[in-house]
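Let's take a walk through a structure together, one piece at a time. Have a look at it first, and then read on.

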Amino acid sequence: MKILVCIKQVPDMESRFRPNGDKTWYDESDLAFRMNEYDEYAVEQAVQLKEQLGGEPEITVLSIGPERTVEAIKKALAMGGDRAVHIRDDRYYQKDPWQIASMIASYAKGEGFDLIFTGMQSQDRGSAQVGVIVAELLGIACATTLVGFSYDGGTITAKRELEGGIKGVAKLKLPALVTCQLGLNTPRYPTLPNIMKAKKKEIASLTPAELSGEAELTATAAIYPPAKKGGGLVLEGEIGIQVDRLMGILKEKTAVLR
Amino acid sequence: MFLELTEEQKLIQETARNFARSVLEPLAPKLDREGDHPAFLANLKKLAELGFMGLNVQGEYGGSEAGVVAFSVAMTEIARACASTAVTVSVNNMVCEVIQAIGSQEQKEKYIPRICSGAYAAGSFALTETGAGSDPAGMTTTAVLDGDSWVLNGSKIFITSAPYAGVFVVWAVTDKEAPKGKGISCFLVEQGTPGLVIGKQEEKTGQHASATNELVFDNCRIPKDALMGKLNDGFRIAVAELGGGRIGIGSLALGIGLAAMDYATRYSTERVQFGQKISSFQATQWKIADSYTELEAARLLLMNAAFRKESGRPFAKEASMAKLFATEAANRACYNAVQMLGGYGYTADFPVERYARDVRITSIYEGTSEIQRVIIAREILKNIG
């Protein structure tokens, strides 16, 4: 079995984000980066499946991004990936989900992967489109937002998280692509010896030009922080007056007293 | 000049940080106040399984081969969450390294994997005696060869991890007639050896979960091949290995100092007095500026010492400078953190009082600040005239 796991490196979510110079992305210059959280679930699930199948499947890790992306790739390799493909692209953030998915599909087409894992979405752009577009371009089955995964004899049983707390179960025949949601598993910590051994694993390097020349379908017009909210309303004066005013506001502007 | 961690070092730092935050930090207040020995040992086992007990140890003995810089950043992250766990990890690494440096092939294969894998919760470093603290060459514990065994008599004090260590690296006088420091040898003594008595556990100011005990050797008989390294060459080894331990303790202190300042700085942006956040007062800002500046300087000194050791260059002076500065800067940072929290900083409802207690020992153990200055001056002066 050949497994592909697509990962993205995103800023640590505790960072303070500022729009960049042309206001189409965030300023990356002073940020710490890590693997996208949802992609950690994807890597973990792939490694668990490999373990379930006695180590037979080969796991390829793919990531698109600049030089620094290698750190996230190495983490995926330390967690149990076998080899990696790094699509070196300093302008990755200017590409829309269609272009990103086209590059991945273009690479995956010739490789004959049986199963592709991706995160449900990235923590920075959050489009949640790349996985499903890749599946569509490859013409393979797809299930999104997995919170449960099992595999038996060529069939995946995927427990999906739907709106309003409802869960659904889908069965997919390979080849297939699944996108992974919080709650699917607990990603392992890469052990230190495995971090060091990952140095010796193959990381093939490709350029976007070798893969796809698709034009963008959506362009980012602007990125901006949310407008600062007002300081709220402070009621003053006698308690009785404050209560009357509060009652009035609640009646007028909310449904709580109706 | 390139002041960036490698990808591997960053991943090790991230692993240490994530583990420390999610596993060690929630338990640390309980370990400090009431203790939870099984949970403490269980976390040490998990850290061993992740590879934190032999960061600078070869893979063939179960080590991680990650190097000294990785050791330093890992120690800092672990200590941000739990100083008791951090000191145990630091000493375990030092014990592995001393066995790797001078042990026989058999000793290395027998003991290092047990510490690295967590089969032994800990290893202990038994040098200090009641009458031999800053002056370890003044030790009086003796080892006398009797047929096929060495017989140890005497006592050690302040031995980290003694009740749960699987093996002790013990220094003893093997030639009483030799000049001071020239007649000391190093031995490996297994837990449970008859005549090895784990004595009183100290009631310390901080780092409560890490046990610190007296050891008594009462005609303790160990095999002849328990001698480690060359006969009468032990003191030189102890001095050399303590250099590496100092990088560990300096890194640990840095972690406590950062934890204290991070907490106090966040607090200062929420605490209101005189109608404004106390972070708006210059008195608070100077504490923040001074402490973070000193902690950053400490970090760079530690990185330099670690990098020199990793590169196989002399590092005794740099390790002492880093240990001296980092532990004193961390003490000042914890003092400032308590001050910033005011009365709350002196209560157990906030973590900074624990940081302030945990940090105090760092400028004492693994060589006091005074001894670090002696070493630094000696290293500088020996190159002049």
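This is a predicted model: local features need pLDDT of at least 70, side-chain atom pairs count only at pLDDT 80 or more; totals for chains, interfaces and linings use all residues.

Now try helix 8 of chain B, which runs through residues 316–341. Its 26 residues reach 37 Å from the first C-alpha to the last, close to the 38 Å expected at 1.5 Å a residue. Helix 8 of chain B is mostly covered, with 22 of its 26 residues buried.

While helices are on your mind, here is a handy rule. An α-helix has 3.6 residues a turn, so residues three or four places apart point the same way.

Next, let's visit a single residue. B:Ser363 sits in the loop between helix 9 (352–360) and helix 10 (369–381) of chain B. Is B:Ser363 buried or exposed? A residue is buried if 20 or more other C-beta atoms lie within 10 Å of its own. B:Ser363 has 23 C-beta neighbours inside 10 Å, so it counts as buried.

Which residues does B:Ser363 touch, leaving aside those up to four places away in sequence? They are B:Thr327, B:Glu328, B:Asn331, B:Thr368 and B:Ser369.

Let's step back to chain B as a whole. This chain has ten helices and ten strands, and 54% of its 385 residues count as buried. A compact globule with 385 residues would have a radius of gyration near 21 Å, and chain B has 21 Å, which agrees. Its C-alpha atoms fill a box of roughly 80 × 55 × 40 Å, taken along the principal axes. Among contacts in chain B between residues at least 6 apart in sequence, 74% join residues at least 24 apart.

One stretch of chain B carries a label from a record. An unreviewed UniProt entry gives residues 124–220 of chain B the annotation "domain: Acyl-CoA oxidase/dehydrogenase middle". That span is 0% helix and 53% strand, and its end C-alpha atoms lie 17 Å apart.

Chain A is our next stop. Here you can find six helices and eleven strands. Buried residues make up 38% of the 258 residues in chain A, and its C-alpha atoms fill a box of roughly 75 × 45 × 40 Å along the principal axes. For residues 23–215 of chain A, UniProt lists "domain: Electron transfer flavoprotein alpha/beta-subunit N-terminal", again from an unreviewed entry. Over those residues the chain is 28% helix and 30% strand, with end C-alpha atoms 21 Å apart.

Finally, where do the chains meet? The contact takes 17 residues from chain B and 14 residues from chain A. On the side of chain B that touches chain A, helix 1 (residues 7–33) gives the most, with nine residues. By class, that side of chain B has seven nonpolar, five polar and five charged residues.

Key
Residues are numbered from 1 along each chain as its sequence is written. Chains are lettered from A and ligands numbered from 1 in the order in which they are written. UniProt positions are given in the numbering used here, feature names are shortened, and annotations may be inferred rather than shown by experiment. Helices (H or I, at least four residues) and strands (E, at least two) are DSSP runs, numbered from the N terminus. A residue is buried if 20 or more other C-beta atoms lie within 10 Å of its own, exposed if 12 or fewer, and partly exposed in between; C-beta atoms are placed from the backbone. Two residues are in contact if their C-beta atoms, placed from the backbone, lie within 7 Å. Ala, Val, Leu, Ile, Met, Phe, Trp, Tyr, Cys and Pro count as nonpolar, Asp, Glu, Lys and Arg as charged, and the others, Gly among them, as polar. The radius of gyration is taken over C-alpha atoms; the globule rule is 2.2 Å times the number of residues to the power 0.38. The expected span of a helix is 1.5 Å times one less than its number of residues.
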